[in-house]
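Subject: Structure for you to look at

Dear colleague,

Here is the structure I promised to pass on to you. Please open it beside this message and follow along as you read.

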Amino acid sequence: MSLLSLFEVNLSTGIFLLIVVFVASIVRGFNGFGFSAICVSSFSFVLPAIEIIPIILLLEVLISIFMIPYIWNKIDWKFVFQLLIGIIIGSPIGLYLLKFLPQIFIHIFICLIVIFFSFLLMGGYSNKKLDNTTTKIITGGISGTINSLSTLGGMPVALLLLIVGIQPAIIRGSLAALFFLTDAYAFSLSFFGGIVDLTTIYRTLPLIIILPLGVSVGNKFFIKSKEKTYRKVVFYFLIFISIIGLIRIVNNF
C-alpha cells in the first residue's frame, strides 16, 4: 500500500494541499486569523465539504499551539473569555437559524458587510466607545451565530478589534487564543460524533510539518511590519476573502 493511498489523494492533490496549508499558515502567523478561510475555500476544489472541516479543525488547533511562543505574552484573556460567552450563546442560535434561512444569502450578506466596514476602516473610521464588555459579548454572539451559518465567524471579531484601535500584537495573540479554544471544542465534538476517521488523521500528518515553518515566516513579516502596514494588510485580506466567497457563490448558481 502506497503512502498516497492512505491519504486517498493523488500526488498533484497532495502537493496542492501542502501549498495551500503553507500559504494559510503564513497568513495565520502574520494576522492571527484567516487560516480556515483560506483552507476551506481552496480545499473545496479537491475534497468534499464533509471531509474538509475535520482536517481544518485539527490543523487550527495545532497551528495555535505552534504560535504560542510568539503570542503568549500578548493575549488579552479577559477579551477572549468575554467573546467566548457570546460565542457559546450565538452558536446554537446559528444552528437553529440554519434550518430556516438560505445559507447562500447569509454568506452574501456577511461578505458585503465585511467589505463595507473594511473600506470604512481603511478610510480612518474608528470608535473606541465600542471597547466595552457588552459590545464584546454581542460581537461574540454574532461571531458564534455566523460561524454556525458559514466559515466567516472570525471576521466580526477582527473588525471589532480594528475599529476600537487595539494594538496589532494584542489582536493577533487574542484571536489565536480564541480560535484555539473554539476549534478544540469543535474538533472534540467532531471526534466523538464519528466525523473524524483514520483518513482525516493520515491526511493531516504530512500537513502538520508545514505549519511551524509557515507560522515562523508569518511571524517574521509581523515583526518587520509597522502598525499601519498590519492594519492595511488585514483590511485587504478581509476584502479578498469576502470577494472570493462571493465569486464561489456566483459560480455555484
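**What was found**

With a relative accessibility of 3%, under the 20% limit, E60 counts as buried. Please keep in mind that this is a predicted model, and that the values below are computed from it.

E60 forms a salt bridge with R28, and the closest N and O atoms of the pair are 2.6 Å apart. Because E60 lies in helix α4 and R28 in helix α2 (residues 11-31), the pair ties together parts that are 32 residues apart in sequence. R28 is likewise counted as buried, since its relative accessibility is 0%. As a general point, side chains of opposite charge can pair when their charged atoms come close.

The structure holds two salt bridges, and the other joins D131 to K136, with 3.1 Å between the closest N and O atoms. Here D131 is partly exposed, with a relative accessible area of 38%, whereas K136, at 13%, is buried.

As for the chain as a whole, its secondary structure comes to twelve helices and zero strands, and 49% of its 253 residues count as buried.

On the surface you will find a nonpolar patch formed by I65, I68, W72, W77 and F81, which together have about 490 Å² of accessible area. The elements that give two or more residues to this patch are α4 (49-71) and α5 (77-97). F81, which is found in helix α5, counts as partly exposed because its relative accessibility is 45%, a value between the 20% and 50% limits.

In the loop between α4 and α5 lies I75, which is buried, with a relative accessible area of 12%. I75 and L175 are 100 residues apart in sequence, yet their C-alpha atoms are 8.3 Å apart in space.

Finally, please look at the second largest pocket, which holds about 460 Å³ of space. This pocket is lined by 20 residues, of which I113, F117, I142, P156 and L159 are the closest to its centre. The elements that give two or more residues to the lining are α6 (103-122), α7 (133-149) and α8 (154-163). What classes of residue make up the lining of the second largest pocket? There are 17 nonpolar residues and three polar ones, with no charged residues.

How values were computed: Residues are numbered from 1 along each chain as its sequence is written. This is a predicted model: local features need pLDDT of at least 70, side-chain atom pairs count only at pLDDT 80 or more; totals for chains, interfaces and linings use all residues. Side-chain values use heavy atoms; hydrogens and water are left out. Patches are made of residues with over 30% relative accessible area and no salt bridge: like charges are joined within 9 Å, nonpolar side chains (Val, Leu, Ile, Met, Phe, Trp, Tyr) within 5 Å. Accessible areas come from the Shrake-Rupley method with a 1.4 Å probe; for residues, only the protein chains shown count as cover. A salt bridge is a side-chain nitrogen of Lys or Arg within 4 Å of a carboxyl oxygen of Asp or Glu. Helices (H or I, at least four residues) and strands (E, at least two) are DSSP runs, numbered from the N terminus. Buried means under 20% relative accessible area, exposed over 50%, partly exposed in between (1.4 Å probe, protein chains only). On a 1 Å grid over the protein atoms alone, a cavity is a set of points where a 1.4 Å probe fits but cannot get out, and a pocket is an open set with protein on both sides within 12 Å along at least five of seven lines; lining residues have an atom within 4 Å of a point. Grid points are joined across faces, edges and corners, and a volume is the space filled by probe spheres set on the points. Ala, Val, Leu, Ile, Met, Phe, Trp, Tyr, Cys and Pro count as nonpolar, Asp, Glu, Lys and Arg as charged, and the others, Gly among them, as polar.
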